[in-house]
Amino acid sequence: MSMPAKPVRLALLGCGTVGSEVVHLLNAQAQDLTARIGAPLEIVGIAVRRLGRERGDLPIDPALFTTDALGLVKRDDVDVVIEVVGGIEPARTWLVEALRAGKSVVTANKALLAEDGAALHDAAAEGNADLYYEASVAGAIPLLRPLRESLHGDRVTRVTGIVNGTTNFILSSMDATGAGFSEALDEATELGYAEADPTADVEGFDAAAKAAILASLAFHSRVTAADVFREGMTGVTAGDMASAKEMGCTIKLLCIAERGPDETGQESVSVRVHPAMIPRSHPLASVGDAFNAVFVEADAAGQLMFYGRGAGGRPTASAVLGDIVAAARNRLSGTRAPSESNYAHLPVRPIGAAMTRYHISLDVAERPGVLAAVAGVFAQHEVSIATVRQSGRAEDAKLVIVTHGAPDANLAATVEDLSGLDIVRSIASVLRVEGGA
């Protein structure tokens, strides 16, 4: 008769929204998890900021709580460290310590991975340890493991995604109701989709961190948040959304990572986050509410779509639990997950070298020669005009121009020079256009 396997022992760092859900799922699915892994999972400690805080009906022995996270990480009886605290420090110190000691790490910390994932990967290599972070980008959506494993034999060329639920809810509401940004943000706040301070979401910081992680995995190159061009969506107006509808488009805050040759022919990557018009025929256009979706394009696999709930305690805890199962199985079998793949070392192109298209709305004077003068500025910067629409008269005269593809630097220079024309009263809006609209 075989002896029962020893428990795989877990240290949980953080017991907030996600951490408490991890505890609940571990408890509720204990029997199934034991069967899947081949050994039971046992929480041996939970690090929290404050002891004695009311934690509802959490099924855990209060004696397991501690405020000494580093001490918990260093314990000899810990096999897997789970970090759901967030932030850069002290999380980086804790996780580097765990990995160097050969302990598996499961983290949802997108900020740390995007700023200094290299430190974690190097520590994992040094300690011959597993580093899992499926929950860091898109909640419950199984996305990172397919990029890291399933598509490892293919060449991913482009990743386009909606990776922030708050901004997607706001833009979806603006599209559906005609509301302005402020009204849609108020609705998102009332429904609990937006934080009291929504800056990280609406200014694109959250999406930029996730874009860096996706690009690193997709293109086998280390990309940090500092490499990502970021533009928030607070300037998107109801008028912009109406204009998008007239073009058969909608507006989404997109993360876009693509690889290809730069102007010298050298293979490189471009990573950016910004609002953009996309045609309603594009798969991402129909992604509404607070859902996330990521559209992956690869040479052999073609086009792939990953869709689901990208945030929230329970969905994120689901992804964390999947990583815990993988890490526990590896420890029992004495194997490791695929390590970091950064062999390509592709440089990151600046935003000015990215090929895109612009939708430009100009308030102009109503007099002869306006269109010729405007067209001359585009020609000067070698930007081809796809469509021009003129509306209104006198003080309400407006030109709406959509360009063909051009380097972003050329397009930006065109906009700057347009603002200096005496016939242009103001530039009402500038939005990028993606997806072949």
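This is a predicted model: local features need pLDDT of at least 70, side-chain atom pairs count only at pLDDT 80 or more; totals for chains, interfaces and linings use all residues.
1. **Aromatic pairs.** The structure holds two aromatic pairs. In one of them, the ring centres of Phe-169 and Tyr-193 lie 4.6 Å apart, with the planes at 35°. Planes under 30 degrees apart count as stacked and those over 60 as edge-to-face, so the rest are tilted. This pair is therefore tilted.

2. **Where Phe-169 and Tyr-193 sit.** Phe-169 is in helix H8 (residues 165-177). Tyr-193 is in the loop between H9 and helix H10 (199-202). The pair thus ties together parts that are 24 residues apart in sequence. Phe-169 counts as buried, at 6% relative accessibility. Tyr-193 is partly exposed, at 30%.

3. **Phe-291 and Tyr-307.** This aromatic pair is stacked, at 5.2 Å centre to centre and 5° between the planes. It links distant parts of the chain. Phe-291 belongs to strand E11 (residues 291-298) and Tyr-307 to strand E12 (residues 302-309), 16 residues apart. Phe-291 has 18% relative accessibility and counts as buried, because the cut-off is under 20%. Tyr-307 is partly exposed, with a relative accessible area of 48%.

4. **Salt bridges.** The count comes to 27 salt bridges. One of them joins the side chains of Asp-77 and Arg-75, at 2.8 Å from N to O. Asp-77 is partly exposed at 25%. Arg-75 is partly exposed too, at 32%.

5. Arg-145 and Glu-149 meet in a salt bridge of 3.8 Å, N to O. The cut-off is 4 Å. Both residues lie in helix H7 (residues 144-150), four residues apart, about one turn of the helix. Arg-145 is partly exposed at 27%, and Glu-149 is partly exposed at 33%.

6. Arg-389 forms a salt bridge with Glu-246, with the closest N and O atoms 3.0 Å apart. The two are 143 residues apart, Arg-389 in strand E14 (residues 385-391) and Glu-246 in helix H12 (residues 238-246). Arg-389 is partly exposed, at 32%. Glu-246 counts as exposed, at 58%.

7. **Surface charge.** A patch of negative charge on the surface gathers Glu-183, Asp-186, Glu-187 and Glu-190. Glu-187 lies in helix H9 (residues 181-190). Its relative accessible area is 32%, partly exposed. Patch members need over 30% and no salt bridge.

Technical notes
Residues are numbered from 1 along each chain as its sequence is written. Side-chain values use heavy atoms; hydrogens and water are left out. Patches are made of residues with over 30% relative accessible area and no salt bridge: like charges are joined within 9 Å, nonpolar side chains (Val, Leu, Ile, Met, Phe, Trp, Tyr) within 5 Å. Accessible areas come from the Shrake-Rupley method with a 1.4 Å probe; for residues, only the protein chains shown count as cover. Lys and Arg count as positive and Asp and Glu as negative; His and the chain ends are not counted. The place of a charge is taken as NZ of Lys, CZ of Arg, CG of Asp or CD of Glu. Buried means under 20% relative accessible area, exposed over 50%, partly exposed in between (1.4 Å probe, protein chains only). Rings of Phe, Tyr and Trp (its six-membered ring) pair if their centres lie within 6.5 Å; planes under 30 degrees apart count as stacked, over 60 as edge-to-face and the rest as tilted.
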